[in-house]
Every structure is written in structure tokens, then in C-alpha cells.
Amino acid sequence: MGAAGSRVERVLAGDVPALAQLMRDLDDGLPAGRDDLRTLYPHTGRAFVVGITGSPGVGKSTVVDGLITRYRAAGRRVGVVAIDPSSPFSGGAILGDRIRMQRHATDAGVFIRSLATRGQVGGLTRSTADLVAVLDAAGYAVILVETVGVGQAEIDVVTTTDAAVVITAPGLGDEVQALKAGILEIADVLVVNKADREGADRAMKDLSTMLDLRRQSALPSVPLLSVVATTGQGMDALRSAIDGVQARPAEARGARRRQQAEAQLLAVVTDITRAALQAGVAGDKAAATGKPGSVAALVDDIAARRTDPYTAARALLSAGMLR
């Protein structure tokens, strides 16, 4: 069996070096990584994936750290994908989350991987779903996905996870931000962290009022919890609330998974189409050709206002140029 098959077998057996290598290849967009993921995909779908999202400063990493402790105490293997801001110079991740979770570094039942956003909006990165699938195939029962914390653009978390935990904190205006951004609508569990601080009672009251409005809109009810993640206060209740989401009827879980599949398919199609378009433009430039119907000619037509982007896109699709 070739090297790729060997790596797939090692990942399925929980081999950490193979797991890390495959994740790196997927994050770098290497074909070998995608080939291995294709082979692994039938072995996925068993893990429960929890998204931890919220604005910067609300204590997401501390909450994740507390959840790792509780899941490990129950004997469950935990994978973590932590999305970090990209360095504006190197493009790499700052890796702050891994530093905060250092006490789990020697636990063989925990695997933590940080990813750089690389400019991707939405709180996640394009390879997040791929890395979650690899951890799933490797046998991690619970996978925690911590978003970068970009405020209003964090709706993407619902398309990658089975449960979305939205965290706010007193004094940051997050309860108002959640209402503006629509983040409240994607929450399966809503948490006010740092509940020992001034303003926590007001934050709980405001969010409770918003949840009452949500219920009037016929949306499902959402648990609202107050926690102090640094001390562990309320963290057992949070774990129980997440377990409640996991225990929802099979029909609800299936609908969520289908929503994820649709979003992932659209994202991949978008990436492939963009890559094909960029390759077409580059190829035409290299060949110094602007013949009618070529990608470069259509770009020129749009720039000169001889056609519009929608008509040009349809022409590309009908000509089979974006395969």
C-alpha cells in the first residue's frame, strides 16, 4: 500500500503525527491531503462538534479549557480546532489559544490544533470543516471549534458544528451586538461568562428579554447560563446544556447535518470555481491571448462595460470553462 493509504490507516488508528501531518496538508490545500480526506470521509459523522463563539475578550478559550477538563473526566477524547488571528506579516496563527490550554498538552486524549484565519471572514477558516472531519475519523468523540471572535460575522459557526455556544460578557456591549448581528438566532446555548463582574445581572436580564422575543418568533428555546470559567462556576451546567443539544431528536440532528453539508458543498464549489477562474486568467495572460470567449476577453469586456458580470459568468458556465 502507498504512503497515502498508510497515512489514512495511521489516522484511523489515532496516530498523532499522521493526524498532524494530514491537518497541515489540508490547511495548505495540498492535493495529497484532499485525497486522504476523500478516503477518510466514510469514517466520519460520529463525533459531536461544538462551536464556541463570541466577540474578543469574552473568555472563549477559558470556557474551552473548562469543557476539555469535564469531557476528559468523563473519559471522552477531545479534539480542539482553535481559530487564531493571522499575523499581518507572516500570515501564520498567533497560537494564543494553545498557550492558554497548555495544561492539556501532555494528555494523550486531547489534540489541539490552531489555525490562522488567513483573512477569511466569518470567524472560521476554509479548512476548518476538513480538520474537524479528520479528528472525527481519528476517533475524537467531542470536537470543540473556537472561532476567532470577529463579532458580527460569526454566523458561519452554525454550518460547521452540531451545537453553537454563544458567549458574552458583562460590560462589553455583547448583548446588544448579538441582537444586531443575528448571533442570538444561531445560539443553541447562550452564556454570560465572567458572571462575577459588575453588570452581569444586567446582561442576564437583557439577554433573557431577547430570548423572550425569540420565543415569540417561534424559534426554539435556548438555555441561558451564567458562568465564571476561571473558577469553574457554572461550567458543569454548561456541559449539561450542551449534552441536552446532543440529545435532541434524530430528525433535528439530521436537519443540522444536512445544513452543514449544503454549506460545505457551496463553499467547495466556490473555491473550485474561483481557482479555475484565476487559472484561466493566468493562462490567457501567459499565452497573450484575448480571443473571443476566453476568460481574459470576458474580463476585458466587463472592465470596458461591454457586458455585465452576470452575463459573463453564465457564458463561462455554459462554455464549460470553470470545470
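Predicted model: local features only at pLDDT ≥ 70, side-chain atom pairs only at ≥ 80, totals over all residues.
Residues are numbered from 1 along each chain as its sequence is written, and side-chain values use heavy atoms, with hydrogens and water left out.

Let us start with helix α2 (residues 16–27) and helix α3 (residues 31–40), whose axes come within 8 Å and cross at roughly 120°. Helices here are DSSP runs of H or I with at least four residues, strands are E runs of at least two, and both are numbered from the N terminus. Axes are lines fitted to C-alpha atoms, for helices over the stretch in contact, and angles run from 0 to 180 degrees between N-to-C directions. α2 and α3 make a left-handed crossing (the near helix is turned anticlockwise from the far one by less than a right angle; clockwise would be right-handed). On the α2 side, L22, D25 and L26 meet G33, R34, D36, L37 and L40 of α3 (contact means heavy atoms within 4.5 Å). This contact divides into four nonpolar, one polar and three charged residues (Ala, Val, Leu, Ile, Met, Phe, Trp, Tyr, Cys and Pro count as nonpolar, Asp, Glu, Lys and Arg as charged, and the others, Gly among them, as polar).

Now look at helix α12 (residues 295–303) and helix α13 (residues 309–318), which pack at an angle of about 170° with their axes 10 Å apart. That makes α12 roughly antiparallel to α13 (the term covers angles over 145 degrees). Their crossing is right-handed. V295, L298 and I302 in α12 touch P309, A312, A315 and L316 in α13, a contact with seven nonpolar, no polar and no charged residues. In the loop between α12 and α13 you will find R305, which has a positive phi of about 65° although it is not a glycine.

K194 is also not a glycine, yet has a positive phi of about 60°; this residue lies in the loop between β6 (189–192) and α9 (200–216).

Finally, turn to the second largest pocket, with about 420 Å³ of space. A pocket is an open set of points on a 1 Å grid over the protein atoms alone, where a 1.4 Å probe fits, with protein on both sides within 12 Å along at least five of seven lines; lining residues have an atom within 4 Å of a point. The volume is the space filled by probe spheres set on the points, which are joined across faces, edges and corners. Of its 19 lining residues, D162, D188, R248, A252 and R256 are the closest to the centre. α11 gives the most to this lining, with six residues.

Notes: Parallel < 35°, antiparallel > 145°, perpendicular 65-115°, else oblique.
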